[in-house]
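Let's walk through this one a piece at a time, starting with a bit of sheet and then moving on to the charged side chains. Keep the viewer open as you read.

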Amino acid sequence: PVSRGGFDVSPDDPNHLFDDIALQLDGNKMDGFAWNSVKTNKSENNPMSMFDSTSAPIINTLATEYAMFDRWFCSIPTSTDPNRAFAMSGTSQGVITNFNGTLWTQQSYFDYLRQHNRTFAGYYQDDLWVFGYFQDMHAPEVAGHIHDLETTFFEEVAAGNLPDFTWLQPRSGTHGVAKQPTWQHPDAAVSLGEDLIKKIYEALRAGPNWEETLFLITYDEHGGFYDHVVPPDQGVPAPDSALAPNGFSFNQLGIRIPTLAISPWIAKGTLVHDALPNEQPTPYSAFESTSIMATANILLGLGDAPALGQRMPWANTFAGLVSDPTMNAPRQDCPTTLPEVPQLINHDAEESYRVQRAKPLNEHLEGQLLFFCTQHYPLLQKQGKCPGRPEVMHNQGLASDWIANELQKFRTRVSLGKAKGK
């Protein structure tokens, strides 16, 4: 049964590859989540355990203070990286698995904004991760606008220097007692991700551009956790002509994901269930990850610019959330601070750091190892001898250290974060 007993650190990582999700959907009966875990010797309770205002006070507070979407889906029923590719470029080019070492050659939304003379930036928290997977993000004119979050983002917020479009990426590695994973992956503490969201919100709220800011919080995919809502599978266009190796034609959305929109121009307690007026391009359109780019285009005056693929112009948009005709001025009752995260009040950071470093690799640390192996040691990688191969980097601590060292080389090579101004 579904419970409110969400684990701060899960006992395992629920399955969420393409074939696993097909089992979870079970022909749209939505009853295969626990079974899919049990059949691989994982906890049957974990995928059914949810968070409430006690166990996840930050995201729940923001949901009640601003807007929550209750029918926002990930772009395709598969794992993280292909869904991130959709969110950041409108397609995964036929890929339904996590990063395999081959850079993504489609145009990223960052380069699209550059091409259309809009300012942009990406901020990563110690781990470059998906910002490295797009080929065009290695070009100096794009890479120069990708910065370290901790050292740059909060300063830019305080100075009122954020660009037109900003993408924030949490930490996936373990880089110090005060630098543990914040990405809310099941093998890390949800509470640390909550704390990051709290810091970002409070910085934006105190910043000089708060009244011109729309802050969106979303996730790549459902992570293998239960949902009862059937994902749309009618009238969903493929982004391009690419087929997945298993024949999947990209004509179905993935499982719902939590998504919030935060702005002083949004009424408290807004629930977005149906499409907004004049923001549903077709009768079948839905909110999904490419809605971010489609909405940004409207807000940035690019509504007539060619879309990235065929999914982006099909997706619902939500620009109307910040142009409510009943609101004549921005709200003055927006909270300046959010609750403390209860799990962190007596948190033993040193112990959790030790435990986290000793954990086995997850698929995304393996992906980052593969990225730097192919970028910096191509010959050794082909020979199976890259010094960062998973067989050598056998826990998260070793992998995090090696990834941090390689990032320093990569930063110099592509002029990462070297651009001046917005």
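Strands β3 and β4 (residues 146-148) run parallel to each other, joined by 3 bridges. For the terms, strands (E, at least two residues) and helices (H or I, at least four) are DSSP runs numbered from the N terminus, and two strands count as paired if DSSP finds at least two bridges between them. Along this pairing, Y123 has H147 in β4 as its bridge partner, and Y124 stands opposite D148 in β4.

Before going further, a word on where this comes from: it is a predicted model, in which local features need pLDDT of at least 70 and side-chain atom pairs count only at pLDDT 80 or more, while totals for chains, interfaces and linings use all residues. Residues are numbered from 1 along each chain as its sequence is written, and side-chain values use heavy atoms, with hydrogens and water left out.

Now look at the other neighbour of β3. Strand β5 (residues 165-169) pairs with β3 in the parallel sense too, over 5 bridges, and F120 finds its bridge partner in F165 of β5. Put together, 3 strands make an open sheet with parallel pairing, in the order β4-β3-β5. The edges are taken by β4 and β5, each with a single partner strand, so one side of each has no neighbour in the sheet. On average, neighbouring strands here are turned by 25° against each other, direction ignored (axes are lines fitted to C-alpha atoms, for helices over the stretch in contact, and angles between N-to-C directions run from 0 to 180 degrees).

Buried means under 20% relative accessible area, exposed means over 50%, and partly exposed is in between (1.4 Å probe, protein chains only). Both faces are covered, with F120, G122 and Y124 buried on one side and A121 and Y123 buried on the other.

On to the charges. How many salt bridges does a search of the whole structure find? The count is 18, where a salt bridge is a side-chain nitrogen of Lys or Arg within 4 Å of a carboxyl oxygen of Asp or Glu. Take R84 and D220, whose closest N and O atoms are 2.6 Å apart. R84 sits in helix α4 (residues 80-89) and D220 in the loop between β6 (215-217) and β7 (259-262), so this pair ties together parts 136 residues apart in sequence. Both partners are buried: R84 has a relative accessible area of 5%, and D220 comes in at 16%.

A local case is R114 with D111, a salt bridge at 2.8 Å, N to O. These two are 3 residues apart in helix α5 (residues 109-115), about one helical turn. R114 is partly exposed at 33% relative accessible area, whereas D111 is buried at 11%.

R357 and D401 also meet in a salt bridge, again 2.8 Å from N to O. With R357 in helix α10 (residues 349-358) and D401 in helix α13 (residues 396-414), the pair ties together parts that are 44 residues apart in sequence. D401 is partly exposed, with a relative accessible area of 33%. Finally, take a look at E65, K268, R331 and D333, which are linked in a network of salt bridges.
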